[in-house]
Amino acid sequence: MIPYAELLEYDRWANHLVLDAVGMLTEEQFTRPLGSSFASVRDTLVHALWAEWLWLERWQGRSPREVFDPAAYPTIDEIRRRWEEVEAHRSELLSRLEQGAERRRMSYVNARGERWEYALGEMMQHVVIHSAYHRGQVVTLLRQLGAKAPTADYLVYIDSKVDAGH
């Protein structure tokens, strides 16, 4: 297992916690404009989903310019379904990586046509941090809506593994 696989597994676990909490919202709450970085809970989740998809594409040598439209994801179930696809592809990619792959330099071209290069492990760490940032935004939005917000801290994840006997 490559070193970043555990962090990406944490990312998957935390995303599921937040998606489960968001699943308790009404449709109106899910899409209500709340004046955050993104208009709504839905829009924030779609951005985080898109970013995880985008980086997975980049790890495979592609540089897509597509941006996900929140309107294409009218329900939490649509977001969850697409996220599960991204996670499945990511798991499959991780299973094929050899030891030391995280040090391999990879380049991509962003939407502005700029070329960037980083080690695969740096990109993986970025994905986890980026997603954690936006999960925190969703937690704040859930609280603003009066909904129950989960605790998705990394050490809670570690404790959940111990409790499950892993």
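**Exercise 1.** Leaving aside its neighbours within four places in sequence, with which residues is H16 in contact?

*Solution.* The model is a predicted one. Begin with the location: H16 belongs to helix α1. Next, take its accessibility: at 18% relative accessibility, H16 falls under the 20% limit and therefore counts as buried. Finally, list its partners: once neighbours within four places in sequence are set aside, H16 is in contact with R80, E84 and E87.

**Exercise 2.** Determine how helices α1 and α6 are oriented to each other, and identify the residues that form their contact.

*Solution.* Step one is the geometry: α1 (residues 4-22) and α6 (residues 154-163) pack at an angle of about 95°, and their axes are 10 Å apart. Step two is the classification: angles of 65 to 115 degrees count as roughly perpendicular, and α1 and α6 are therefore roughly perpendicular to each other. Step three is the contact itself: α1 contributes E6, L7, E9, Y10 and W13, while α6 contributes Y154, V156, Y157, I158, S160 and K161. Sorted by class, these residues comprise 7 nonpolar, 1 polar and 3 charged.

**Exercise 3.** Carry out the corresponding analysis for α3 and α4, and state the handedness of their crossing.

*Solution.* Helix α3 spans residues 41-59 and helix α4 spans residues 76-96; they pack at an angle of about 20°, with axes 10 Å apart. Angles under 35 degrees count as roughly parallel, so α3 and α4 are roughly parallel to each other. The crossing of α3 past α4 is left-handed. On the α3 side, the meeting residues are R42, L45, V46, A48, L49, E52, W53, L56 and W59; on the α4 side, they are I76, I79, R82, W83, V86, H89, R90 and L93. The classes present are 12 nonpolar, 1 polar and 4 charged residues.

**Exercise 4.** Which residues touch the most other members of the largest nonpolar core, and which element gives the most to this core?

*Solution.* As background, nonpolar side chains in soluble globular proteins tend to be buried together. Here the largest nonpolar core has 48 residues, of which V22, V41, L45, W59, I79 and M124 touch the most other members. Two or more residues come from each of α1, α3, α4, β1 and α5. The element that gives the most is α3, with 12 residues.

**Exercise 5.** Is Q137 buried or exposed, and which residues does Q137 contact beyond four places in sequence?

*Solution.* Q137 is located in helix α5 (residues 120-144). Its relative accessible area is 11%, so Q137 is buried. Apart from neighbours within four places in sequence, its contacts are S36, S37, F38 and T44.

Notes. Residues numbered from 1 in each chain as written. Predicted model: local features only at pLDDT ≥ 70, side-chain atom pairs only at ≥ 80, totals over all residues. Heavy atoms only, no water. Axes fitted to C-alpha atoms, helices over the stretch in contact; angles between N-to-C directions. Helix = DSSP H or I, 4+ residues; strand = E, 2+ residues; numbered from the N terminus. Parallel < 35°, antiparallel > 145°, perpendicular 65-115°, else oblique. Contact = heavy atoms within 4.5 Å. Nonpolar A, V, L, I, M, F, W, Y, C, P; charged D, E, K, R; others polar. Left-handed = near helix turned anticlockwise from the far one by under 90°. Buried < 20%, exposed > 50% of the residue type's maximum accessible area, 1.4 Å probe, protein only. Core = buried A, V, L, I, M, F, W, Y, C linked by side-chain atoms within 4.5 Å.
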